[in-house]
Amino acid sequence: MALAIHFHDRLQQPHAASLREETLRGFAATPKQVSPKFFYDRRGSELFEQICQQPEYYLTRTEERILADAAGDIREIAGPRSDLIELGSGASRKVRLLLEALHPASYLGIDISEDFLRSSTQRLAADYPWLEVHAACTDFSHELALPEDFASEHPLVFFPGSSIGNFTPEEAAALLRHLHDVLPVGGGLLIGVDLVKPRAVLEAAYNDRAQVTAAFNLNLLQRIGNELDSDIDPSRFAHHAFFNEAESRIEMHLVSRQAQDVTVEGRCFHFDAGESLHTENSYKYTLHSFAALADGAGFDCRAQWTDPRELFSVHYLQR
Ligand code: AVJ
């Protein structure tokens with residue numbers, strides 16, 4: 001049997017070019033920074049899957065539990081749906097619960113990591129022969145362009161994993177507003193959002209004992225070394241992650257272990273000893289603060305689910 005994946009190359013982004021431009025711009029900025037979207041080359045996507053299995057990283061496990069428990073509710077409140085669109089689909093594990101609960105006719109996975117997207121959508125197509133599977137490799141952080149032959153009257157967008165946390169609240173509001181505007185009336189958004197909690201629990205999740213998160217963070221430098229003309233040496237940097245309570249976000253940094261000069265694409269950048277390269281923000285919301293954000297973007301907040309410890313939340317928003 002042929003597994004027909006509709007792969008929408010047309011939507012592809014010029015990755016190499018944007019990595020080059022954004023790295024040069026970020027290294028020249030004060031403080032130095034690079035966008036977390038560049039974590040996800042193949043190795044980075046694999047490391048992220050490993051992070052999700054670490055005992056300290058409660059997010060994935062808890063979200064899966066919430067979705068499994070809420071599947072019946074979700075079917076009642078959000079279903080029936082003809083098309084399911086997943087943003088940041090990664091390994092596409094959690095969406096299986098929704099595919100089984102909602103039984104949509106088609107699925108569109110959108111992710112920035114191309115080969116990861118290909119293999120995970122292929123597995124979905126193999127496991128769900130009744131499902132029409134589409135894949136689009138694109139950076140949806142600026143604009144969500146849907147393939148033309150994916151016109152959908154009853155779409156449900158699934159945005160799991162608290163990936164919305166990578167955006168500042170202002171950017172998150174703009175992204176939600178954009179999603180609201182591209183959805184037809186009645187269209188739904190099911191979104192996973194990590195919650196504020198005691199510092200020790202948050203910081204442990206981003207400083208796992210097996211140091212997978214450290215490897216994930218440092219892999220960004222490896223990627224810069226692999227894909228760009230650069231002499232950057234990851235062993236000269238250290239992983240640093242902490243909760244910035246005033247901003248309600250985990251921050252991840254790569255701290256220069258020594259004073260050093262790094263060359264990228266013919267340009268030289270100086271790092272002082274202890275100077276940091278800011279690689280990620282992961283914002284944490286309360287049930288109330290997220291509902292207010294969604295409401296401000298024009299959505300109708302129809303339902304929220306959480307776990308007994310209120311570690312994580314899933315929200316159903318409707319246009
Ligand atoms: C995919 C953005 C939700 O912020 O928890 C995991 C990425 N970074 N460990 C998160 C991540 C470090 C993750 N998100």
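Two strands pair if DSSP finds at least two bridges between them. Helices (H or I, at least four residues) and strands (E, at least two) are DSSP runs, numbered from the N terminus.

This is a predicted model: local features need pLDDT of at least 70, side-chain atom pairs count only at pLDDT 80 or more, and totals for chains, interfaces and linings use all residues. Residue numbers start from 1 along each chain as its sequence is written.

**View 1. Strands β3 and β4.** Strand β3 (residues 83-87) pairs with β4 (residues 106-111) in the parallel sense, over five bridges. I85 stands opposite L108 in β4.

**View 2. The open sheet.** Eight strands make up an open sheet with mixed pairing, in the order β1-β5-β4-β3-β6-β7-β14-β13. β1 (5-7) and β13 (300-306) are the edge strands, each pairing on one side only.

View 3. Helix α3 (residues 58-78) lies across β6 (155-159), β7 (188-194), β13 and β14 (312-318). The helix runs at about 30° to β14.

**View 4. The ligand shell.** Residues around the ligand (C-beta atom, placed from the backbone, within 6 Å of it) include I51, L59, Y206, T213 and E280. By class, the shell has three nonpolar, seven polar and one charged residues. Ala, Val, Leu, Ile, Met, Phe, Trp, Tyr, Cys and Pro count as nonpolar, Asp, Glu, Lys and Arg as charged, and the others, Gly among them, as polar. The predictor gives the complex an ipTM of 0.99 and a pTM of 0.93.

Technical notes. Two residues are in contact if their C-beta atoms, placed from the backbone, lie within 7 Å. Axes are lines fitted to C-alpha atoms, for helices over the stretch in contact, and angles run from 0 to 180 degrees between N-to-C directions.
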